[in-house]
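Please work through the exercises below with the sequence and the structure side by side, trying each task before reading its solution.

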Amino acid sequence: MKVAFTAPMKPIDHPVPSGDRTMGRLIVRALELAGHEVEVASTFRSWRAEGSENVIREVKELALNEARTIAERWVERGEVPDIFLTYHLYHKAPDWIGPYLCAKFNIPYVVVEASRAPKRQAGNWALGFNAADAALAQANQVVALTNSDAQCLKDVLKEDVLTVLPPFIETAKFEVSHSVTKGSADGKIRLLCAGMMRPGDKQFSYMVLSAALKQIVDLPWRLTIAGDGPARGEIEPLFDRERTEFTGLIPWQEMPRLYRAHDIFVWPAIREAFGFVFLEAQSCGLPVVGGRVFGVPDIVEEGTSGLLSDEGDAAALAQNLMSLIKNPHRRENMGMAAIENIQKNHSLEAGAKGLDAVLHAAIEHHQYKRRIRGGR
C-alpha cells in the first residue's frame, strides 16, 4: 500500500543528527522492506522549544496551510495514499496535518511513538496537549515504542488501538568486513560511552559516569568517549585524561569499528527514552551497563545482555562495571546474548513485520468505524 509519512517532531531530512531522526528514517526503511511505498507528504516541523497560546496557534495555522497544499496536490494528481502515518507527536510537536488529510480523504490514520504528560493539560502547552490528544483520538492505530509510554497512553486509548512495538535498527550497518581486536595492548578493559555533550540530561549522564568511575579507579580500565557539543568544555575535566580518550563526533560509518574495539558499553541514560546507542552496542556484541529508565529495560535484557541500575545511582553503576570488568566469562556471554537479543527482537526485519501488522490493523479499524457510522 502507499503510505503518506510525516514527522512533526523532527523531519527525516533535518541536518542535525539525533535518535529521533534516526528512528524516523528507520520507520521509512522498515515500511519499504515490508513492501509498502512511502511518500514523505510533508517535512513541516511543528516542534517548538517554548510554548504559549499565540505560538501554538501560529504553528497550527502554518500546519493547516501545509495540509491544504498537500490536499490540493493529491486532488490534482488524482491519487490519494492508502494510509497516513505520523511519527512522534506530543504536546511540543502536535500533528494537525495527518488528522486533517485523513478526515478530508477518509483514510486511516496511524501514529508511531506518542508520549503524553497530563500535567501539560494546563499552562503554556495546553493547546499543544489538546491537539496531540485530538490526534490520538482520531488514530486507528497508535504505536508505543516503550512500555512506559504505553502506560501513559492507556488512559486515552482502547486496547484494540494501542500496540507496543520495540525500537529497531538496521543491523547490517553495524557489521564490519573483517575482525577487530578487542581490548587494549596493555591488557586493560576498554569502556566506551557515546552521547552528545549538551547541557541538561546529557551532561548529567556524564557527571554520573564520572562519579561511578571514581569509585573503581583501582581496576584496569580505559575509557573512550565519543561525542561532542556545547557542554564539552564542562564535561572533559570530569574525567581522568590519562585514562580517557575523547574522539569527538564520530561518523556513523565508523561507529561499528569503534563499538567492536571495546569490551563494555556504558551510559547512565538520564531521562533517555530508550537510547539508540544501547541497540547499536548490543548489535556489535557489547554487554551494556546503563540506567534503568523509561524504555531502556525494553531493549536491554537485564542480567542477560546487560546490567542496569536505578537512574542517577553512580554507586550501583560502579558496582555493575566492576562486576563485568572482573569477570571476562560473564562479559563474553553477555556480549553473545546481546547480539541474539538484537537479531531476534530489534532488527529492521522485526520492525518491518511489526509495522506491516499495524497498518493492516489500522485499515481494519478504519473500516469497522465506517460500518458503525453507516458507511459515511
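**Exercise 1.** Determine how many helices and strands the protein chain has, and state how its radius of gyration relates to the globule rule.

*Solution.* In this predicted model, the protein chain holds 13 helices and 12 strands. The next step is to take its radius of gyration, which is 22 Å, and to set it beside the 21 Å that the globule rule gives for 376 residues; the two values are close, so the chain is as compact as a globular protein of that length. Finally, the C-alpha trace spans about 70 × 40 × 35 Å along its principal axes.

**Exercise 2.** Find what share of the residues counts as buried, and what share of the contacts joins residues 24 or more positions apart.

*Solution.* Taking buried to mean under 20% relative accessible area, one finds that 53% of the 376 residues of the protein chain fall into this class. Turning to contacts with a separation of 6 or more, 70% of them are accounted for by residues 24 or more positions apart. As for the surface, the accessible area of the protein chain comes to about 16,700 Å², and carbon and sulfur atoms contribute 50% of that.

**Exercise 3.** Work out how far apart the mean positions of the positive and negative charges lie.

Notes:
Residues numbered from 1 in each chain as written. Predicted model: local features only at pLDDT ≥ 70, side-chain atom pairs only at ≥ 80, totals over all residues. Heavy atoms only, no water. Helix = DSSP H or I, 4+ residues; strand = E, 2+ residues; numbered from the N terminus. Rg over C-alpha atoms; globule rule 2.2 N^0.38 Å. Buried < 20%, exposed > 50% of the residue type's maximum accessible area, 1.4 Å probe, protein only. Contact = heavy atoms within 4.5 Å. Areas by Shrake-Rupley, 256 points an atom, 1.4 Å probe, with all protein chains shown as cover. Lys, Arg positive; Asp, Glu negative; His and termini not counted. Charge placed at Lys NZ, Arg CZ, Asp CG, Glu CD.
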